[in-house]
Amino acid sequence: MSDDQHLTLRPATTRDVPALLALMDAVLTWLVARGRTEQWGTVPFSRLPGFPELFTGWTSQGAITTAERGGTCVGLLALAPAPPPYIPPGLIPDGAVFIHTIISARGPAGQGVGHALLEEAARQAGAQGAPALALDHWAGSAELDQIYDKHGFVKTGEYEDDQDGRPAKLNTVRVRHLLPR
């Protein structure tokens, strides 16, 4: 495999924040160009009040893994030790690690990145003794349904997200069990 094709996963540092935000903004631009504004809206993450600081804090806490090819950020994984408070109770097992954000570059640079990051999430959760991985995603994406089904995430429910002052959207909650139940 050539050096440009080799994928490196490593803990992100605060120096990576501009590249992480640029990746998120690029994926948002890609979604908007395809008319998929319901998922994340249209305002670049780098311009959302407080978002760059949030990512800086997460990198300081070691919560973000970056994926790189040829020295370029092509993916990110942000894990949380518990689900956010807006997820309805009972949809996620106690002790599960929550995937807050997982993103890969669009096009050839991002090929295989999502799979590698999902496996890294399972590895990190397993190392912590977590019984499961959990995540939520926009319910309007058949593509996300297929991706997460393929990686063993089972739908446990849905909820209406009316955070951020944007119109409410329906999100799906999924769980991938790591330990026998």
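Analyst: Leaving out residues up to four places away in sequence, N171 touches D136, H137, W138, A139, G157, E158, Y159 and D161. Contact here means heavy atoms within 4.5 Å. The model is predicted: local features need pLDDT of at least 70, side-chain atom pairs count only at pLDDT 80 or more, and totals for chains, interfaces and linings use all residues. Numbering runs from 1 along each chain as its sequence is written, and side-chain values use heavy atoms, without hydrogens or water.

N171 sits in strand β7, residues 169-177. Strands (E, at least two residues) and helices (H or I, at least four) are DSSP runs, numbered from the N terminus. N171 counts as buried because its relative accessibility is 4%; the limit is under 20% relative accessible area, with a 1.4 Å probe and protein chains only.

Next, the cores. The largest nonpolar core has 41 residues, and F55, I64, L76, I99 and L133 touch the most other members. Such a core is a set of buried Ala, Val, Leu, Ile, Met, Phe, Trp, Tyr and Cys residues joined through side-chain atoms within 4.5 Å. Elements giving two or more residues to this core include α1 (17-33), α3 (51-60), β2 (64-69), β3 (72-80) and β5 (132-138). The largest share, eight residues, comes from α1.

Take I99. Beyond four places in sequence, I99 is in contact with L77, A78, L79, L118, A121, L133, A134, L135 and F153. A second, separate core has eleven residues, among them A80, I87, I92 and F98.

Terms used. Buried means under 20% relative accessible area, exposed over 50%, partly exposed in between (1.4 Å probe, protein chains only).
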